[in-house]
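Look over the sequence and the structure first.

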Amino acid sequence: METLDLSPVNLRDLGGLPVSGGTTRPGVLLRSDDVSVMPAAFAQQMIDDGVTSVIDLRSPEEALFTGRGPLTVPGVSYHHLALTASVSSPEDISHEMMTSATTPAHVGAWYANLLETQARQLALGVTLVAMADGATVFHCAAGKDRTGVFAAVVLSALGATPETISADYAVTATRLPQLFPRLRAIMGGLMPDRVLDEEAIKGMGAMMGAHVESMEAMQKVLIERHGSVLEPVRRAGLSDATIAQLRERLVIADA
């Protein structure tokens with residue numbers, strides 16, 4: 001029987017993106033789908049490439065279900081910053097969000113609410129990235145929703161344009177054909193069948209996609225409510241000094 005390769009399929013470096021005053025430095029910050037079940041050889045390669053910190057954005061039940069994984073070794077720190085209470089709880093993703101009627105505007109509004117309610121966790125996560133000695137990988141299950149919100153916060157702190165933030169989010173759309181089979185293999189019975197069934201996925205709305213309009217909608221909502229995407233995270237404890245430290249680590253200044 002052929003062994004299923006559970007290497008991440010939505011792992012990507014956030015280097016090379018345009019931000020205020022320069023571009024993001026490669027090899028320092030990576031976003032990913034679930035890294036807890038990757039092959040040991042894949043994990044070792046990530047460590048060899050400089051990963052020294054993992055930020056796990058999954059719910060407590062997800063983290064308990066599959067554990068920390070092969071990146072849990074001496075020299076690699078692990079930080080569990082849950083952004084949702086469970087993988088499929090009604091308070092996090094309502095039934096209405098998982099129907100064909102769901103639009104990118106609905107998804108963006110959910111992302112905005114997630115950012116607002118979890119601003120303290122997000123502030124802590126950005127601080128961890130700024131203070132890390134080596135490269136940091138942050139992830140959830142799919143590397144799409146919770147990971148997308150965290151990436152948006154980091155990029156906003158670095159002065160990326162809304163267009164850059166939305167385009168980075170939408171890259172996940174190219175990974176979806178490989179992503180959902182991997183999630184079904186990893187999550188097993190933890191997620192409802194209606195969520196992971198292939199036919200059900202095809203009949204769902206924007207929540208099961210990665211539309212650029214969803215991230216555009218999130219940013220629009222937050223700017224209307226707070227003046228910027230970053231303001232709720234600033235109020236939750238993200239300081240100017242930490243942002244400056246983040247820029248020092250992540251930004252290659254224009255010549």
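This is a predicted model: local features need pLDDT of at least 70, side-chain atom pairs count only at pLDDT 80 or more; totals for chains, interfaces and linings use all residues.

Residues are numbered from 1 along each chain as its sequence is written, and side-chain values use heavy atoms, with hydrogens and water left out. Helices (H or I, at least four residues) and strands (E, at least two) are DSSP runs, numbered from the N terminus.

- Two packed helices are described by the angle between their axes and the distance between the axes.
- Axes are lines fitted to C-alpha atoms, for helices over the stretch in contact, and angles run from 0 to 180 degrees between N-to-C directions.
- Helix α5 (residues 146–157) packs on helix α6 (residues 162–170) at about 150°, with the axes 10 Å apart.
- That makes the pair roughly antiparallel (the term for angles over 145 degrees; under 35 is roughly parallel, 65 to 115 roughly perpendicular, and the rest oblique).
- In α5, Gly-148, Ala-151, Ala-152, Leu-155 and Ser-156 meet Ile-165, Asp-168 and Tyr-169 in α6 (contact means heavy atoms within 4.5 Å).
- The residues of this α5–α6 contact divide into 5 nonpolar, 2 polar and 1 charged.
- Here Ala, Val, Leu, Ile, Met, Phe, Trp, Tyr, Cys and Pro count as nonpolar, Asp, Glu, Lys and Arg as charged, and the others, Gly among them, as polar.

**Helices α3 and α5**

- Helix α3 (residues 104–117) packs on α5 at about 65°, with the axes 10 Å apart.
- That makes α3 roughly perpendicular to α5.
- Tyr-111, Leu-114 and Leu-115 of α3 make the contact with Arg-146, Val-149 and Val-153 of α5.
- The residues of this α3–α5 contact divide into 5 nonpolar, no polar and 1 charged.

**The sheet**

- An open sheet of 3 strands has the order β2-β3-β8, with antiparallel pairing (two strands pair if DSSP finds at least two bridges between them).
- β2 (18–19) and β8 (251–253) stand at the edges, each with a single partner strand, so one side of each has no neighbour in the sheet.
- β2 is joined to strand β3 (residues 22–24) by 2 bridges.
- Val-19 stands opposite Gly-22 in β3.
- Helix α12 (residues 240–250) lies across β3 and β8, at about 75° to β8.

**Salt bridges**

- The count comes to 10 salt bridges (a side-chain nitrogen of Lys or Arg within 4 Å of a carboxyl oxygen of Asp or Glu).
- Glu-116 forms a salt bridge with Arg-225, with the closest N and O atoms 2.8 Å apart.
- This pair links distant parts of the chain, with Glu-116 in helix α3 and Arg-225 in helix α10 (residues 212–226), 109 residues apart.
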